[in-house]
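The following exercises are to be worked with the sequence and the coordinates at hand. Each task is followed by a solution in steps.

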Amino acid sequence: MKNTFTMLLLCAALILTHCRPDNAAAQRAQPGFKGIVTDTLLIDSQQYFEYALPQGSHFDFTLKRPSKTDTTVLLCVAAAFTRLDNGGVDGLYAVKGKTGGAISNRLGGGCVLLPPHNPLIAGTRDGTALTKGWIDSTIVKKKAGYFQQLQLVRDAKALRYGKDQSLFQRRALVTYAYKPAAIIESASEITLQQFADALAKTGAQDALYLDMGGWDEGWIRTGRTQCTRIGLMCTQTARQSNWLIIVRK
């Protein structure tokens, strides 16, 4: 029995090592290359992974799936929800100032992406804040990226999602008052409220949910030619309609 238990522990350790590679070792093997570094966070006995923004890189939004052979792309995850009726992006979106989709009054948050600046997450007041004047001045004129999503943390306080008791792995774009933005995901399946509360405890100023469930497949680049898949379900990858990426300058 003891030997069996020991073997199970060894197998678990090997699985975690495979899913979360030694980023430092990978980058030492390729000097001069700065890939994504994964930090492990422990909050209320739950494990989370933080994918930090390397120096000299920025977030962007795209409707074209990046290739893993493009070494300028360091991270790729689904961003906005994908509509089930037509396969398009759910909510208002923009790529380099060119807008599409339709304003959603169900999604209370949104993100402005204007590289090389830090992402700007702000509430939409159920879509009413997204006026033509705001869109023209903030997105179109500045050629910014944009997408709508659920806002989990606003002004350093977790928003309330207590009615949603579904269990999924969770992922979010997080901005801070004192350091660059990052991606944080749970290691296991938790409720949306658990996730929002945990993000607030990291010191997040604002946090925006990213599409998960079957759409959760993404990847991180830990070396010039080394990419690691992230996500637990990964069943709807072919239906993903949009991506949040980290790009090297």
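**Exercise 1. The surroundings of a loop residue**

Which residues is T124 in contact with, leaving aside its neighbours within four places in sequence? Determine also whether T124 is buried or exposed.

*Solution.* 
Step 1. The model is a predicted one. With neighbours within four places in sequence left aside, the contacts of T124 are L107, G108, G109, G110, A129, L130, Y146 and Q148.
Step 2. T124 lies in the loop that runs between β8 (120-123) and α3 (132-140).
Step 3. The relative accessible area of T124 is 0%. Buried means under 20%, so T124 is classed as buried.

**Exercise 2. The chain as a whole**

State how many helices and strands the protein has, what share of its residues counts as buried, and what its accessible surface comes to.

*Solution.* 
Step 1. The protein contains four helices and 17 strands.
Step 2. It has 249 residues, of which 49% count as buried.
Step 3. The accessible surface of the protein is about 12400 Å², and carbon and sulfur atoms hold 57% of that surface.
Step 4. Among contacts in the protein with a separation of 6 or more, 70% are between residues 24 or more positions apart.

**Exercise 3. A five-stranded sheet**

Give the strand order of the open sheet of five strands and identify its edge strands.

*Solution.* 
Step 1. The order is β3-β17-β4-β15-β16, and the pairing is antiparallel.
Step 2. Strands β3 (57-62) and β16 (226-230) are the edges, since each of them pairs on one side only.
Step 3. From one strand to the next, the twist averages 20 degrees.
Step 4. Within this order, consider β17 and β4. Strand β4 (residues 73-78) and strand β17 (residues 243-248) run antiparallel and are joined by five bridges.
Step 5. A residue pair can be named here: A78 has W243 in β17 as its bridge partner.

**Exercise 4. Salt bridges and exposure**

How many salt bridges does the structure hold?

*Solution.* 
Step 1. The structure holds eight salt bridges.
Step 2. K201 belongs to helix α4 (residues 192-201), whereas D44 is in the loop between β1 (38-43) and β2 (46-52); the two are 157 residues apart and link distant parts of the chain. K201 and D44 are both exposed.
Step 3. K96 has a relative accessibility of 56% and so counts as exposed.
Step 4. D90 is placed in the loop between β4 and β5, and R106 in the loop between β6 and β7 (109-113), 16 residues apart. D90 counts as buried because its relative accessibility is 12%. R106, at 54% relative accessibility, counts as exposed, the cut-off for that class being over 50%.

Definitions and conventions. Residues are numbered from 1 along each chain as its sequence is written. This is a predicted model: local features need pLDDT of at least 70, side-chain atom pairs count only at pLDDT 80 or more; totals for chains, interfaces and linings use all residues. Side-chain values use heavy atoms; hydrogens and water are left out. Two strands pair if DSSP finds at least two bridges between them. Axes are lines fitted to C-alpha atoms, for helices over the stretch in contact, and angles run from 0 to 180 degrees between N-to-C directions. A salt bridge is a side-chain nitrogen of Lys or Arg within 4 Å of a carboxyl oxygen of Asp or Glu. Buried means under 20% relative accessible area, exposed over 50%, partly exposed in between (1.4 Å probe, protein chains only). Contact means heavy atoms within 4.5 Å. Accessible areas come from the Shrake-Rupley method with a 1.4 Å probe; for residues, only the protein chains shown count as cover.
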